[in-house]
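User: Got a model on my screen and I'd like a quick walk through it. Can you help me read it?
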Amino acid sequence: MAATAASLLLQPRLVSLPPNPSFNFNKPAPSFGTLARRGGRLRAVGDGRGAGLADQTTVYNGVYGPWTVEDSDVREVLLYRSGLVTAAASFVAAASAAFLPEGNAAGDAVRQSIDLFYAAGAAGLGLSLVLIHIYVTPIKRFLQALWAVGVLGSVGTYLVAAQPLDEGLVQCVLEHPAALWFVGPTFAALTGLVFKEGLCYGKLEAGILTFVIPGLLLGHLSGLMDNSTKSVLLGVWMVLFTIFAARKFQQPIKDDIGDKSVFMFNALPEEEKNALIQKLERQNEQKFE
């Protein structure tokens, strides 16, 4: 089962065409005729050698044909990464209040704006979940649904529980752990995103966050975790989330695009899909003759 999940999430490499593709992908794309274009070049941030230097990209070989990085792809990837940076920066800013003493000017300022940081972080995460490239559509939709449920739960918790007590949303969740049942799905969506990143790209910080995030939240919800342990896990979360967001800009743009030919294939009408599959199968047969 684990191997199956990994194979579904990992980016496919061009080898041979699956005999009977049954994927359900979700990224709209232009006509498949554009796959035949060759020689197109585009400067894309992070596609070069070294620490995110710009370089010219060429034609990539995908499962269903060649593809190129276009301006729209670069914009989507940069927006996806910007959403992650917004989520990470907002979380770190809000979480810093836990380590700043009462009466400290910076700490008091953060605590007064902590709900705004939460809202900004949730918005950044939502943007990334809209633009994330996942080959299996139901997984993407599930993460988006978790985020939506968490946002609605957050609004409801603020209106029904926090406001009558003259508290902010974050303060209410801290003082009443049961409120995590309503806001928690947002963090579950974040956990799913970092799990996907860790699985696809082998990022250690993402893999650790997959356990730290639910561990801390469940410890708070159950009341079985003492405050010192919570502080340690919160600090680890802050550091790893910062590293995770920063390292996204060191990856080539094409990594976050994935195999664009898969998404383009899915955008074709059924008859064109069948014709392309037959054509590629004939080409594969000729290679082995």
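Analyst: Happy to. Keep in mind that this is a predicted model.

User: OK. How many helices and strands are in the protein?
Analyst: The protein has 12 helices and 4 strands. Of its 289 residues, 46% are buried.

User: Where does UniProt place the "transmembrane region" feature?
Analyst: An unreviewed UniProt entry puts it at residues 78-100, 116-136, 145-165, 177-195, 207-225 and 231-249.

User: How much helix is there in residues 116-136?
Analyst: That span is 76% helix and 0% strand, with its end C-alpha atoms 33 Å apart. For residues 207-225 the figures are 84% helix and 0% strand, and the end C-alpha atoms there lie 22 Å apart.

User: Switching to the inside. Which residues of the largest nonpolar core touch the most other members?
Analyst: Leu193, Val194, Ile213, Trp237, Phe241 and Phe244 do, in a core of 41 residues. Helices that each supply at least two residues of this core include α2 (71-95), α7 (180-201), α8 (204-222) and α9 (227-247). Another core of 10 residues lies apart from it, with Val63, Tyr64, Val262 and Ile277 among its members.

User: Stay with phenylalanine 244. What is it in contact with, beyond its neighbours within four places in sequence?
Analyst: Phenylalanine 244 contacts Leu84, Leu193, Val194, Glu197, Glu205, Ala206 and Leu209.

User: And how do α8 and α9 cross?
Analyst: Their axes come within 9 Å and cross at roughly 145°. The crossing is left-handed. On the α8 side, the residues that meet α9 include Ile208, Leu209, Val212, Ile213 and Leu216. The α9 side includes Leu233, Trp237, Leu240, Phe241 and Phe244.

User: Last one. What's the phi of aspartate 166?
Analyst: It's positive, about 60°, although aspartate 166 is not a glycine. Most residues other than glycine have a negative phi.

User: Where is aspartate 166 found, and is it buried or exposed?
Analyst: Aspartate 166 is in the loop between α5 and α6. It counts as exposed because its relative accessible area is 70%, and the cut-off for exposed is over 50%.

Key:
Residues numbered from 1 in each chain as written. Predicted model: local features only at pLDDT ≥ 70, side-chain atom pairs only at ≥ 80, totals over all residues. Heavy atoms only, no water. UniProt positions renumbered as here; feature names shortened; annotations may be inferred. Buried < 20%, exposed > 50% of the residue type's maximum accessible area, 1.4 Å probe, protein only. Core = buried A, V, L, I, M, F, W, Y, C linked by side-chain atoms within 4.5 Å. Contact = heavy atoms within 4.5 Å. Axes fitted to C-alpha atoms, helices over the stretch in contact; angles between N-to-C directions. Left-handed = near helix turned anticlockwise from the far one by under 90°.
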